[in-house]
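Here is a short report on one helix and one group of aromatic side chains. Please view the structure first.

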Amino acid sequence: MFEQFLRNKTDEWQCKTSEEKWLSIFKSFKENNIDYSMLLKIVEFAFALLGSNAAVERIFSLMNSCWTKSRGNLCINTVEATLVNKTNLENKPCQQFYEDISKNKDLLIRVHKTAKYSTTNQKSETEASGSQT
């Protein structure tokens, strides 16, 4: 039955994505009351796997470009925030960025505070002075 289904779909499937093809197969199974629960689990697992690790490599490259020797004392949270900004705000027009920031009251309050950044050296000095007292 499955082979017959595939033979009928060959011409139609040339321009479909794999997701669309599997949806069509599962729809046919459902219409013909064929149990496909085990096959569905396998297909879900296969689609959950990444095709490549390019996104991860890009993040490491960005991290290396912002966490240089001269910026080696930045705390991990600062580096993380920089990476989030670089990856999420990269292609946003200035006007849209301004409008988004203006709406975020919590962020505006934190930006206007005096204590903005901490470095690993400052944390170490604070911890050392606290343990000596």
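Helices are DSSP runs of H or I with at least four residues, numbered from the N terminus. The expected span of a helix is 1.5 Å times one less than its number of residues. This is a predicted model, where local features need pLDDT of at least 70, side-chain atom pairs count only at pLDDT 80 or more, and totals for chains, interfaces and linings use all residues. Residues are numbered from 1 along each chain as its sequence is written, and side-chain values use heavy atoms, without hydrogens and water.

**Helix 5**

Helix 5 runs over residues 76–88 and has 13 residues. From first C-alpha to last it reaches 18 Å, close to the expected 18 Å. Its buried residues (under 20% relative accessible area, 1.4 Å probe, protein chains only) are Thr78, Val79 and Leu83. They lie on the same side of helix 5, because they cover an arc of only 135° around the axis. That arc is taken from the directions from the helix axis to the C-beta atoms. Helix 4 (54–66) is among what covers these residues, with contact meaning heavy atoms within 4.5 Å. Asn77 and Asn88, on the other side of helix 5, are exposed, that is, over 50%.

**Aromatic side chains**

The structure holds three aromatic pairs. Rings of Phe, Tyr and Trp (its six-membered ring) pair if their centres lie within 6.5 Å; planes under 30 degrees apart are stacked, over 60 edge-to-face, the rest tilted. Phe29 and Tyr36 form a tilted pair, 6.2 Å centre to centre with 40° between the planes. Trp22, Phe26, Phe29 and Tyr36 form one aromatic cluster. Partly exposed means between the buried and exposed cut-offs.

| Residue | Relative accessible area | Class |
|---|---|---|
| Phe29 | 11% | buried |
| Tyr36 | 22% | partly exposed |

Definitions and conventions
Helices (H or I, at least four residues) and strands (E, at least two) are DSSP runs, numbered from the N terminus.
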